[in-house]
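Keep the structure open beside you as you read.

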Amino acid sequence: MNRNPIIPFVLIMVFGIGAMFLLSFKGLGDHEALTAEKKDGGEKTEEVASNPEDIYKASCVDCHGDSYQGGVGPALNGVGDRLSKDEIKTIITQGKNTMPSGLVAEDKADAMADWLAGLK
């Protein structure tokens with residue numbers, strides 16, 4: 001009883017091609033579901049930071065540094081000595097020079113300005 005040595009390779013090829021088609025059709029089905037979800041707006045799972053320090057860590061630390069020492073943006077240590085709370089709020093909401101606007105929500109801008117003014 002001599003077995004043909006090619007049969008295992010043919011079986012592997014047939015299973016491989018079958019798996020390729022199965023996964024391709026599965027991917028098409030997933031693509032249609034994702035497209036439909038995107039058209040419907042989908043679920044947004046973005047969390048909004050609640051306190052000024054969390055907002056800073058989420059939006060500001062890349063430019064102003066983890067110890068408020070500055071970097072791309074200016075140092076924030078003692079910013080309350082240089083600027084008033086209203087000026088800080090204006091910069092936070094409207095941006096200035098290279099700082100973009102809208103990094104802090106309008107309703108959180110007052111709390112953020114108070115917190116920044118108190119940094120030493």
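**A threonine and its surroundings**

Thr-93 counts as buried because its relative accessibility is 16%, and buried means under 20%. Bear in mind as you look that this is a predicted model.

Where does Thr-93 sit? Its place is in helix α4, which spans residues 85-94. From there, the side chain of Thr-93 reaches back to the backbone oxygen of Lys-89 at 2.9 Å, and to the backbone oxygen of Thr-90 at 3.4 Å. Leaving aside residues up to four places away in sequence, Thr-93 touches Ser-101, Gly-102, Glu-106 and Ala-109.

Now widen the view to the whole helix. Just after α4 comes Gly-95, with a positive phi of about 80°.

Helix α5 leads us on to another pairing. Two packed helices are described by the angle between their axes and the distance between the axes. For α2 (residues 52-64) and α5 (residues 109-117), the angle is about 90° and the axes are 9 Å apart. That angle makes α2 roughly perpendicular to α5. On the α2 side, the contact is made by Pro-52, Glu-53, Ile-55, Tyr-56 and Cys-60, while α5 brings Ala-111, Met-112 and Trp-115. What kinds of residues are these? The contact of α2 with α5 has 7 nonpolar residues, no polar ones and 1 charged.

Key
Residues numbered from 1 in each chain as written. Predicted model: local features only at pLDDT ≥ 70, side-chain atom pairs only at ≥ 80, totals over all residues. Heavy atoms only, no water. Helix = DSSP H or I, 4+ residues; strand = E, 2+ residues; numbered from the N terminus. Buried < 20%, exposed > 50% of the residue type's maximum accessible area, 1.4 Å probe, protein only. Polar contact = N/O pair within 3.5 Å; in protein donor to acceptor, adjacent residues only side chain to side chain. Contact = heavy atoms within 4.5 Å. Axes fitted to C-alpha atoms, helices over the stretch in contact; angles between N-to-C directions. Parallel < 35°, antiparallel > 145°, perpendicular 65-115°, else oblique. Nonpolar A, V, L, I, M, F, W, Y, C, P; charged D, E, K, R; others polar.
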